Amino acid sequence: MSVDVAQPTLTLVSTNDRTRETSPDDSADPIPFLCECDGGECGQSVWLTAAEYDEARAMHATAIVVPAHVPLGHTGATYAERYAVIDLAILYD
Ligand SMILES: [Zn+2]
């Protein structure tokens, strides 16, 4: 299956997963993860709590990005206050 949205590299996702693993589960403080747009080339931080990160990763194929980095025309994104979760299985219209 090919999708027309930049997919995060496995390296980037594993970096964020490692960040999550070294963070306390019960903290309400947002943690700076790497924006996963366009393979992470933008280098910006996207802030999620541990619980928010776990929820975003519970969907099978997602990219977690800063809200402004959702590709134009993509309708499969869920917006939160500090971040957006792109469902990579949803195509452009
Ligand atoms: Zn980005």
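Thr-49 is partly exposed, because 17 other C-beta atoms lie within 10 Å of its own. The model is a predicted one: local features need pLDDT of at least 70, side-chain atom pairs count only at pLDDT 80 or more, and totals for chains, interfaces and linings use all residues. Residues are numbered from 1 along each chain as its sequence is written.

Thr-49 sits in the loop between β2 (45-48) and α2 (50-58). Helices (H or I, at least four residues) and strands (E, at least two) are DSSP runs, numbered from the N terminus. Contacts are taken between residues whose C-beta atoms, placed from the backbone, lie within 7 Å. With neighbours within four places in sequence set aside, Thr-49 is in contact with Ser-27, Ala-28, Asp-29, Pro-30 and Ile-31. Asp-26 is 23 residues from Thr-49 in sequence, and their C-alpha atoms are 8.9 Å apart.

Asp-17 belongs to helix α1 (residues 10-21). Asp-17 also counts as partly exposed, because it has 13 C-beta neighbours inside 10 Å.

The secondary structure of the chain comprises two helices and five strands. From the N terminus, the elements follow the order α-β-β-α-β-β-β. Of the 93 residues, 26% count as buried. Among contacts with a separation of 6 or more, 45% link residues 24 or more positions apart.

Three strands form an open sheet in the order β3-β5-β4, with antiparallel pairing. Strands pair if DSSP finds at least two bridges between them. The edge strands are β3 (62-65) and β4 (77-79), each of which pairs on one side only. The twist averages 20° from one strand to the next. Angles run from 0 to 180 degrees between N-to-C directions, and axes are lines fitted to C-alpha atoms, for helices over the stretch in contact.

β3 is joined to β5 (residues 84-87) by four bridges, and the two strands run antiparallel. Here Ile-64 stands opposite Val-85 of β5. Three bridges link β4 to β5, again antiparallel. Ala-77 faces Ile-86 of β5 in this pairing. A hairpin of four residues connects β4 to β5.

The largest nonpolar core has 16 residues. Such a core is a set of buried Ala, Val, Leu, Ile, Met, Phe, Trp, Tyr and Cys residues joined through C-beta atoms within 7 Å. Val-46, Leu-48, Ile-64, Val-65, Tyr-83 and Ile-86 have the most contacts inside the core. β2, α2, β3 and β5 each supply at least two of its residues. In soluble globular proteins, nonpolar side chains tend to be buried together. Apart from neighbours within four places in sequence, Val-65 is in contact with Cys-35, Glu-36, Cys-37, Val-46, Val-70, Tyr-83, Ala-84 and Ile-86.

Conventions:
Buried ≥ 20, exposed ≤ 12 C-beta atoms within 10 Å, placed from the backbone. Contact = placed C-beta atoms within 7 Å.
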